[in-house]
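I opened this entry to note what I looked up, starting with charged pairs and moving on to a helix and a surface patch.

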Amino acid sequence: MYIEHLKKKLENREKLFSTMLCHVGFTALPSVYKASGLDFLIIDLEHGSFYPENIGDFAQMCQKEELPLIARVQDCEYHCISKPLDMGADGVLIPRTETMEQVETAIRSMRFYPYGKKGVGGRSLLRKGENVYDFNKNRLLFLQIESQQGVDLLDEMLTRYGEQVAGIIIGPSDMAVSLGCGLDVNADPMIQNITKVIKTCEKHGKSIGMFMDDDNVAQRWHNEGMNIYWIGTELMYIAAETARLKSRIEEF
């Protein structure tokens, strides 16, 4: 399965390119993203216009194109985590992860026995040929670290539950706010905490990434040890290309 390819790249800490879909649910987009070389796509249920019940058709198109779809859920609660998987998502990203209880809740909510207590149901729960044991192996759990508490507890999280975690992704804006830096993602406390997360992930052999505005930010953090480049959103790309075209036209 295509998910096996992604799992191996995550395990080997290879370079991975992703972006986020926040508002535009056109079902032809998976083929566009796949052709562009995207490794996986994040669909935003936390801040975007999507909700679990309306991602089913989009998820099926991602499966057809063999493009892994990861749902950033609203919160670390059973119904927020289980439902996107029922609708066809290949994994979940848990925002604001900062306690062991959250990690335990996430695992229980997305795994069947013996790891969890997920319910059986949904339009796209299982892929063709899958059983519940395959499901437990094939759905990916990403933790989003967005606070000092999350940074400080990450080593314990990965020590206890590392085999269940596919990767770690930093949420820079929320982390900056929580550290009293406003939205300055380059403030010294931010750099110190991001560096600590990278070192913790290196220790545990986990893939690590962060939301990034552009390829210049990606280059910087690649040099520091990150391997997941979650760059921009669909609206950011539209705005950037529109501005580029307008600027070019003014040069005529």
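I checked Asp39 and Lys9 first: Asp39 is buried, and Lys9 is buried too. Buried here means under 20% relative accessible area, exposed means over 50%, and partly exposed lies in between (1.4 Å probe, protein chains only). I was looking at a predicted model, where local features need pLDDT of at least 70, side-chain atom pairs count only at pLDDT 80 or more, and totals for chains, interfaces and linings use all residues. Residues are numbered from 1 along each chain as its sequence is written, and side-chain values use heavy atoms, with hydrogens and water left out.

I then looked at how the two are joined. Asp39 and Lys9 form a salt bridge, with the closest N and O atoms 3.0 Å apart. The pair links distant parts of the chain, 30 residues apart: Lys9 is in helix H1 (residues 2-11), and Asp39 is in the loop between helix H2 (29-35) and strand S2 (40-44). I took helices (H or I, at least four residues) and strands (E, at least two) as DSSP runs, numbered from the N terminus. A salt bridge needs a side-chain nitrogen of Lys or Arg within 4 Å of a carboxyl oxygen of Asp or Glu.

How many salt bridges are there by this rule? I noted a count of 18. One joins Glu53 and Lys83, at 3.0 Å from N to O. Glu53 lies in the loop between S2 and helix H3 (56-65) and Lys83 in helix H4 (residues 78-86), so this pair ties together parts 30 residues apart in sequence. Glu53 counts as partly exposed at 45% relative accessibility, and Lys83 is partly exposed at 28%. Arg139 and Glu130 also meet in a salt bridge, 2.8 Å from N to O, and both of these residues are buried. I also found Asp44, Glu46, Arg72, Asp75 and Arg96 linked in a network of salt bridges.

Next I looked up helix H7. Its 14 residues (148-161) should span 20 Å at 1.5 Å a residue, and the end C-alpha atoms are 20 Å apart, which agrees. The expected span is 1.5 Å times one less than the number of residues. Among the buried residues of H7 are Gly150, Val151, Leu154 and Tyr161. What covers the buried residues includes helix H5 (100-110), strand S5 (140-145) and helix H9 (188-204), where contact means heavy atoms within 4.5 Å.
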